[in-house]
Amino acid sequence: MLVGQSVLRREDDRFLTGRGRFVDDVAARTPAPLYAVFVRSPHAHAAIGAIDGTRAAAMPGVRAILTGADWAREGLGRLPCVAGIPFADGRPMNQALRAGLAPGVARYVGDPVAVVIAETWPEAAAAAEAVAVDYRAMPAVVAPGAALAADAPLVHAEFAANLAFDKTVGDAAAVEAALARAAHVETLDLVNNRITANAIEPRTYLADHEAFAGRTTLWTASQTPHLVRRWIAAHSLGIPEHTFRVVAPDVGGGFGMKSHYPEEPVLVWAARKLAAPIRWTATRSESLASDSHARDHASAARLGFDAAGRIVALDVRTIGGIGAYATTFGPLILGAAYVNLLSGLYAIPLIHARIRGVYTHTAPIGPYRGAGRPEAIYLIERLIENAARALGLDPAELRRRNLIPPAALPYRSPAGPTYADGDYPRLLEALLERAGYDGLRAWQRARRAAGELVGIGLACYLDRAGVGPSRSGSKVIGEFGSWDAASVRVHPSGKATVLTGHHSHGQSHETVFAQIAADRLQLPLAAIDVVQGDTDRTPFGNGTWGSRSATIGGSAVKLAADRVVEKGRALAAHILECAPADLDFRGGRYVVTGTDRAIEFALVAKAAHHGGDYPDGFEPGLEATAAYDPPAFNFPAGVQLCVVSVDRDTGAVRILDHLAIDDVGNRLNPMVVAGQIQGGIVQGLGQALCEQIVYDAAGQLVTGSFMDYAMPRADDLPAFTLIEADTRAASNPLGVKGIGESGPIGAPPALVNAVVDALAPLGVRHIDMPLTPERVWRAIQAARAD
């Protein structure tokens, strides 16, 4: 069996030897491509008057200059938002959608207002500088809370206010009554800082139009090629979908951020106009300004406990920025993914939440690893940690008293979802045992006695992965199904190709999907090829995001491979002159039960293509396609523990140790799982320690380069200890749970809890992320002053 083995990644050989095939590699091999450079607004909010491209158009190499006015004049459409969140009273969301180029008003620094197409990049860049835009700067609003003020500048004048949606969950009166009766109510105001993905490969696109064939192709560094094709064809440009091909080759990281952007339809539009290939790659500063951002919540929360330390109710009020426009999935993050997981792993009888999404003059919010779940878990875990201190209980003990017991599963959370499988108390106890928790606390007491600031932080996490089923999901996400498809094509040689609608941007599809198919077909791994990312070759798929690839895409591969085996069984039975039910498939052969009569799978494949003697009803060839629509989400869970020291004089935080235990179901490739968890932890610690998108009060981007936007480095981190404690998922035939977002969900609260624990003797109760040395130092100074 290959499934369950740490098979080395097949992708890595070409990546490590410089033979990857990214969009820029395709563009480099494209004869005489033109180059695009976008003219972007330097203002957070400005009316756009005349755009004068006369001087730019006369410069060497310039082939075209297109503006938002051109986009509007041609009646082109907007990028869709497929997940609008209605108001509590049923009114539809106030959806403000993006055009390819902003017509009339720029709404954030970096908003594209024009594009210059030239024969070389330097020529395009020089001409873009020469485009004269008549801007009339207007006041801007940046902070989500300030956007709701009565006198706040409107981001979209067609709405009476900046409120995009206002959603409530639960019974407010019941929660207030329970909190009034509670023995203790823990209150906390916190901010979840705005960040961005910073994938190692920037966004990059290449569009080409073959006028003689009437076909257009877009090569894009995207996680969702089939959806991008649909959105551009149906929503932005109104072109025939069947004449439009989208190809996502190798992609250097996505993390949810590489979904859909205005530059994609603009390049396709320009390529169709000029009948020429056009390429664009974002600079790093462009990425920081124009990639989708994430998080950006401000919350006020109350958590009530009875005299025994058991939770009685939770009340949450959150205002979340969604940026200047509603992106494809942006509102869903705050209005569904976040609010649905507010209970975490705890048995909370009553929950009330009011969630408001607001427009601000900032880059739009989109998915980033975790997408709503890190924000929810951060909130509940910070409350639990502070409550333990207020109640005089060890943080581990308070969690023990409130974790959902296995006997309560399936457990319906008051926030919405039903948790199906797991053993959450076992996860906590196994982690505490591995960490030597009692010994750690003894070590901490000794170090504190010596004057050191050291802390231990816990965080229990839950993920909601896989997305499903389509029937219920389509009620929330319009024009979207939760299913995915795979085809397994066996060639006359007996070797096979897997074609999947998913796409890898680091998740190891080429290895893991091949492992699944090889086991089902009983072929060597080298006999399996995996094709992904090409809408002309692969079956329709919804792409890779939401930790859904293995659970949905992998399940589709399994089902398709099993159908191939059954089709082969019918032909093998005909050849061996027996009933199909009399055949066992083992060792790569169909064997007549109880005899030595058998036929190799490869010979059956050959006969399926080149033979002439088929059973009645048998269609020549050996290929099958299967779609898998999950009956439910799956719920990965775990616990993380972080140990830190804090420099009293500088505020610098040093991570001494970090442990994580994860229940991710059946581990198809344990090495890949470990890599996903480790990478996710690093991204979570990055948010907690150093990462933050910062705008000034006028909406100018302060963190416009890596000189100002800090990323975690290897010497910021210890070696991680990863512990396995899996329960098989019942929601898919592989028994797997999502793993892509486990790390960044648990890491931020674990680290912040550890730092607050270190500073608790000084009276520090909370510090908002990121915990930069300056921010921690100021908290220490404020505590000393108090």
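The model is a prediction, so local features need pLDDT of at least 70 and side-chain atom pairs count only at pLDDT 80 or more, while totals for chains, interfaces and linings use all residues. Residues are numbered from 1 along each chain as its sequence is written, and side-chain values use heavy atoms, with hydrogens and water left out.

Helices (H or I, at least four residues) and strands (E, at least two) are DSSP runs, numbered from the N terminus, and two strands pair if DSSP finds at least two bridges between them.

Contact here means heavy atoms within 4.5 Å.

Helix H5 (residues 121–130) also has a run of buried alanines: Ala124, Ala125, Ala127, Ala128 and Ala130. Buried means under 20% relative accessible area, exposed over 50%, and partly exposed in between (1.4 Å probe, protein chains only). The cover over the buried residues of H5 includes strand E1 (34–40), strand E2 (46–52), helix H3 (54–57), strand E3 (62–67), strand E5 (112–118) and strand E6 (132–137).

E2 and E6 in turn belong to an open sheet of three strands, ordered E4-E2-E6 with antiparallel pairing. Strand E4 (105–106) and E6 are at its edges, each with a single partner strand, so one side of each is left without a neighbour in the sheet. Five bridges pair E2 with E6, and alanine 46 stands opposite alanine 137 in E6.

E8 runs antiparallel to strand E15 (residues 297–305), with nine bridges between them; one of the bridge partners is histidine 297, for asparagine 192.

Next come the aromatic rings, which make 15 pairs. Rings of Phe, Tyr and Trp (its six-membered ring) pair if their centres lie within 6.5 Å; planes under 30 degrees apart count as stacked, over 60 as edge-to-face and the rest as tilted. Phenylalanine 38 and tryptophan 280 pair edge-to-face, at 5.5 Å centre to centre and 85° between the planes. This pair links strand E1 with strand E13 (residues 278–281), its members lying 242 residues apart. Phenylalanine 38 counts as buried at 6% relative accessibility, and tryptophan 280 does at 2%. Tyrosine 419 and phenylalanine 635 form a tilted pair, 5.3 Å centre to centre with 50° between the planes. Tyrosine 419 lies in strand E19 and phenylalanine 635 in the loop between strand E27 (622–628) and strand E28 (637–646), so the pair ties together parts that are 216 residues apart in sequence.

Tyr419 also turns up among the contacts of serine 413, which touches Ser343 and Tyr419, not counting residues up to four places away in sequence. Serine 413 sits in the loop between strand E18 (411–412) and strand E19 (418–419) and is buried, with a relative accessible area of 2%.

Finally, the cysteines: the whole structure has zero disulfides, a disulfide being a pair of cysteine sulfur atoms within 2.5 Å. For cysteine 460, the nearest cysteine sulfur, that of cysteine 642, is 14 Å away. The sulfur of cysteine 690 is 13 Å from its closest counterpart, in cysteine 642, too far for a bond.
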